[in-house]
Each structure stands twice: as C-alpha cells, then as structure tokens.
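Please have the sequence and the model open side by side.

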Amino acid sequence: MAVWTVAFVAGWLIIGLPTDPLYAFFWLWALTVAWRPHLAWRVHIGFARDWLPVVILLAVYNFSRGFAYDENTRPHVTELIDADLWMFGWLIGDQVPTVWLQERLYHPDQILWYDVLISWVYFSHFFASLGAAVILWLTSRSRWAAFMRRWFLLSAAGLVTYFLYPAAPPWWAAEYGHLADEVARVSTRGWHAFGLHGAGNLLNLGQHAANPVAAIPSLHTAFALFVVLFFLPSVRRRWWPLMLAYPLAMTFTLVYAGEHYVIDVLVGWAYVIGVFLVVAPGERWWAARQARRHGGRDTADDRPAEPVDPDTAERVSR
C-alpha cells in the first residue's frame, strides 16, 4: 500500500488526477492488488473480468461527444434558463443562480478557500461511486452487484438522455450569447492555490473532449445522491445529515462553477429516485422467480463458492 500511495501521488502530480476511465481503472485495480497481495492471481484477474463492462460504459460515455454533438447540433438552452428563472428569479433579482453566485463569490484574480473546496468536491465525482464500488467488491459481492445494477441503469439513462435531449450548461449559454452576463468555468481553478497546476490536467482535457451539451440530467449530482442513498439504510441516523450534505455540496459546486443549472440537478435527482424505484422491485421479482425455480431452496446454496481470504478464514475458525 505504501508503494501504491507513492506511485499514485507521483502520477497525480505528473499526469493529473485519474479522471479518465482507463487510467482510473488501472489505479483501482492496482489498489485491490496492493490491499490483498497474498491472494492468488486468479482472484486479482477476477477484478478485471467483473469491471470490464464498467470500463466499456465509461469509455462510451466519454466518446459520446462525437455522436451526440457537432457543429450542427442545436442544444436546448432557453428552457433551462427559464426554469431556473421561474424557480429563483423572483428571489435573486431576475438572475439565474449561477450568475448570481459568481457575481458575489468569483474573483478572477484571487483563489479563495472555497475555490479549493469546490475543486475537491468536483473531483470527488470521479472517485466516490467507483471507490464505493471497489470497497463493496472487496467486502460483499452481492451488495456490489446490487450497487452496479443501479449504477449501470443510472449511467445508461443519462447517456440516452444526452442523445435525445442535448442541453447546454450555463458556461456554454454565456459563451454563445444566451446569457447576458459572463459565466466562468471555475471547477478546477482551486488546484492552483497549492501550485498543483498539473493536478487537473486530465480533468481539463476531459472537459474539452467531453460532450459540451450534456447538461441534463446532471450525473455529477445524481451519482453523489445515488451513493448516499444506497448506503443510507445501513448507517445510523445521526450520520444522515452529514451524508446528505455531500449531494448538496456537489449541487452548490456545479451551479457556482457554471457546469449546471439547478433544473439539471433536480432532474438528476429524479433519475436516481426512478432507478431505485425500478431496480428494487425487479430484484424482488427475480429472487422470487429463482426461489420458485429451485423449489423454495435458497439459491445462494447453489452458487459456487468464491475464493476465501485466508485471513478471514483464520478469524472465522477462531
């Protein structure tokens, strides 16, 4: 783990934070090997097998720009602006929240403490859901499967929507004259406060290459809420406010940084709720079907046993 940590920090400083799917997959895989180096290689190869569909979906998502957007694309712009004005314009002087926040918080010549915090919160999107999935893969394969079913459906629903309803974010709307005020894209400027100018290299490159009219739904805030809702039932209620603060922090980050409107966030949250409402009944139906198929016996008994961690086996024997 010490070797992995030194290598990761070096890669972070030289290449950039791992926001590219293949690059992130490499570090996550290396992390599982470093955490359990005593296991057989066939177990470590199993990680690549299980995660290959995830990498493929993320790669398709990243390359969607070439299919969902070109110079002839006419994205939806005014509907999103009108929605935010309808919700908040009466309260903040007939402005969209992004413009209102940047007028009060954004200082082009000065990076403040919240700019640094915003860069970290924004980056957490590329780590939170996949990091949680890795922990589940290491500790509970059944919960990992449940997590990934929801993750896949949420990702696929967002990707399909980007094709069917291309929508422009605030920074794009301002750049092309749909917003009278300027909007700066400030999601990665916090790294410069520490002299980590290369930390956001891959992230900036990804922003340049990604589909620029994929504003609705906001999958950044959708995944933030998704991770929290998945683990919320297994956490004591006194920790719920702290956990729920994460999707709220992501919402503030995205709106202030010019990446999304509030309506994008609300639609993203609706997608998350829809995914949970769809998948849970489907899982119950499948479990009941399998139970009938096997004559009421627990189908878990029919599955081949997974490789047992020697440390776990020793603890159980004690």
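Contact here means heavy atoms within 4.5 Å. Helices (H or I, at least four residues) and strands (E, at least two) are DSSP runs, numbered from the N terminus. Please keep in mind that this is a predicted model, in which local features need pLDDT of at least 70 and side-chain atom pairs count only at pLDDT 80 or more, while totals for chains, interfaces and linings use all residues. Residues are numbered from 1 along each chain as its sequence is written, and side-chain values use heavy atoms, with hydrogens and water left out.

The residues being covered in helix 13 are Pro247, Met250, Thr251, Thr253, Leu254, Val255 and Tyr256. Buried means under 20% relative accessible area, exposed over 50%, and partly exposed in between (1.4 Å probe, protein chains only). How far apart are the end C-alpha atoms of helix 13? They are 25 Å apart, which agrees with the 24 Å that its 17 residues (240–256) should span at 1.5 Å a residue; the expected span is 1.5 Å times one less than the number of residues. At Tyr246 helix 13 bends by about 25 degrees, and Pro247 follows within four residues. The bend is the angle between axes fitted to the seven residues ending at a residue and the seven starting there. Just after the helix, Gly258 has a positive phi of about 80 degrees.

Next comes helix 14, whose 32 residues reach 47 Å from first C-alpha to last, close to the expected 46 Å. Its buried residues, including Val275, Phe276 and Val279, pack against helix 5 (78–89), helix 6, helix 9 (141–164), helix 12 and helix 13.

Helix 9 holds Arg150. Is this arginine buried or exposed? Arg150 is buried, because its relative accessible area is 7%. Beyond its neighbours within four places in sequence, Arg150 touches Phe226, Phe230, Val275, Phe276, Val279, Ala280 and Glu283.

Now for the whole chain. There are 15 helices and zero strands, and 46% of the 318 residues count as buried. Among contacts with a separation of 6 or more, 79% come from residues 24 or more positions apart.
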